[in-house]
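Subject: Structure for your review

Dear colleague,

Please find the sequence and structure below. A short account of the findings follows.

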Amino acid sequence: MAERSNRTKGSSRGLLNNYRCLCKRSTMLRSLESARATRKHQQKIIISNMKRKTTNNLTEPPDVNKLVKKTKSSATEEHAHSTLTSENRTRDVSNPGLSEPKASDQNSLVSALRDRWEVDSGFSSEASPPASGRSSPCLSSCSTTVVALDCEMVGTGPGGRCSELARCSILDYRGNILYDKYVRPSQPVTDYRTRWSGIRRHHLCNATAFAQAREEILRILEGKVVVGHSIYNDFEALDMIHPPHMVRDTITTRLLSKLAGFPRQRCASLKILANKLLNRKIQVGRWGHCSVEDAQAALDLYKLVEGEWEQELQNRLHNDDDAQQASSSNHYMQDEYWPDDVVAESK
């Protein structure tokens with residue numbers, strides 16, 4: 001009897017949970033349907049208002065012609081513009097029908113056209129993707145989109161073979177420090193690599209935890225073009241993936257090697273490039289590297305070839321887009337996408 005009652009209770013609980021789930025779904029569906037009906041009603045009102053305004057404009061061709069003449073005259077000479085403006089103001093006072101369209105009416109007409117397009121196409125104007133989502137963002141405004149990144153790593157695990165983040169520095173386009181913190185690795189440090197990293201034991205005593213530092217760094221790098229030298233090592237230490245078209249790695253571009261007179265296949269170090277092209281000595285002494293200094297050097301190297309680099313990337317992306325569109329159009333010209341009767345007649 002006890003087992004039967006337990007089974008009954010379990011089944012009743014399952015039925016009650018299913019009932020609650022169904023009630024929630026029905027409530028959500030009703031709310032979605034009501035919102036959809038409200039939006040359709042609003043769109044009908046907007047479209048009807050747009051049609052009414054269009055017909056009103058068509059019934060008054062003389063007014064439109066006068067407005068066009070007024071606009072042309074204002075573009076040709078300023079003195080005539082002021083004279084015509086004063087005359088039109090007196091006419092508007094005597095004839096209210098000749099008044100210029102208000103800015104609110106123009107805005108409502110533009111919004112109505114946009115809503116109409118959204119209804120017809122099924123896409124939202126704000127959510128529609130650009131022609132090329134990979135287009136270079138640096139051709140318009142570099143100062144707000146470009147940052148320089150450099151990280152210093154220490155060794156963890158047996159023999160210090162595993163690299164973990166110990167310091168991260170981020171600079172803006174003007175060289176101002178946006179972020180510079182020591183980071184406490186997740187695992188115990190077995191090799192501080194002080195000769196290269198510049199990290200010592202006392203640097204990590206009150207350092208920021210890796211999870212918190214990673215969250216702060218990702219927030220800064222989001223939507224930014226990131227400049228660095230061998231920067232994918234830094235991305236690996238941060239456990240992150242940045243869009244390839246938003247990365248400028250100074251070790252991979254041939255422009256810097258060409259400017260320095262090096263062979264095309266040579267991957268020069270940041271120290272050599274800074275000495276050759278910037279006449280700057282970095283990474284010297286026994287205190288190790290400084291991530292701020294390295295990030296600044298990478299940023300200055302990027303600025304040397306910035307225009308040519310960005311234009312080269314832009315042309316490459318446009319060529320890739322054109323090739324992709326051509327291949328897709330040729331793909332749909334194959335016989336399998338044509339009706340059977342057309343294929344039979346062609347044969």
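**Surroundings of Tyr 192**

Tyr 192 touches Met 153, Val 154, Ser 197, Ile 199, Arg 200, Arg 201 and Leu 204, leaving aside residues up to four places away in sequence; contact here means heavy atoms within 4.5 Å. This residue sits in the loop between β4 (189-191) and α5 (194-197). Helices (DSSP runs of H or I, at least four residues) and strands (runs of E, at least two) are numbered from the N terminus. Tyr 192 counts as buried because its relative accessibility is 19%; buried means under 20% relative accessible area, exposed over 50%, and partly exposed in between, with a 1.4 Å probe and protein chains only. Between Tyr 192 and Thr 156 the C-alpha to C-alpha distance is 8.6 Å, although they are 36 residues apart in sequence.

**Basis and confidence**

This is a predicted model, in which local features need pLDDT of at least 70 and side-chain atom pairs count only at pLDDT 80 or more, while totals for chains, interfaces and linings use all residues. Residues are numbered from 1 along each chain as its sequence is written, and side-chain values use heavy atoms, with hydrogens and water left out. The pLDDT (the predictor's confidence in each residue, from 0 to 100) averages 74 for the protein chain, and 56% of the residues score at least 70. It stays under 50 over residues 66-103, where the model has 13 contacts beyond four places in sequence. Over residues 112-135 pLDDT also stays under 50, with 25 such contacts.

**Asp 172**

Asp 172 belongs to strand β2 (residues 162-172). Asp 172 is buried yet has no salt bridge, and Arg 174, the nearest side chain of opposite charge, is 5.2 Å away. A salt bridge requires a side-chain nitrogen of Lys or Arg within 4 Å of a carboxyl oxygen of Asp or Glu. The Asp 172 side chain does reach the backbone nitrogen of Gly 175, at 3.0 Å.

**Nonpolar cores**

A nonpolar core is a set of buried Ala, Val, Leu, Ile, Met, Phe, Trp, Tyr and Cys residues joined through side-chain atoms within 4.5 Å. The largest has 28 residues, and those touching the most other members include Val 146, Leu 301 and Trp 309. Helix α10 gives the most to this core, with 7 residues. Apart from it lies another core of 21 residues, among them Ile 217 and Phe 235.

Yours sincerely

Note on methods: Lys, Arg positive; Asp, Glu negative; His and termini not counted. Polar contact = N/O pair within 3.5 Å; in protein donor to acceptor, adjacent residues only side chain to side chain.
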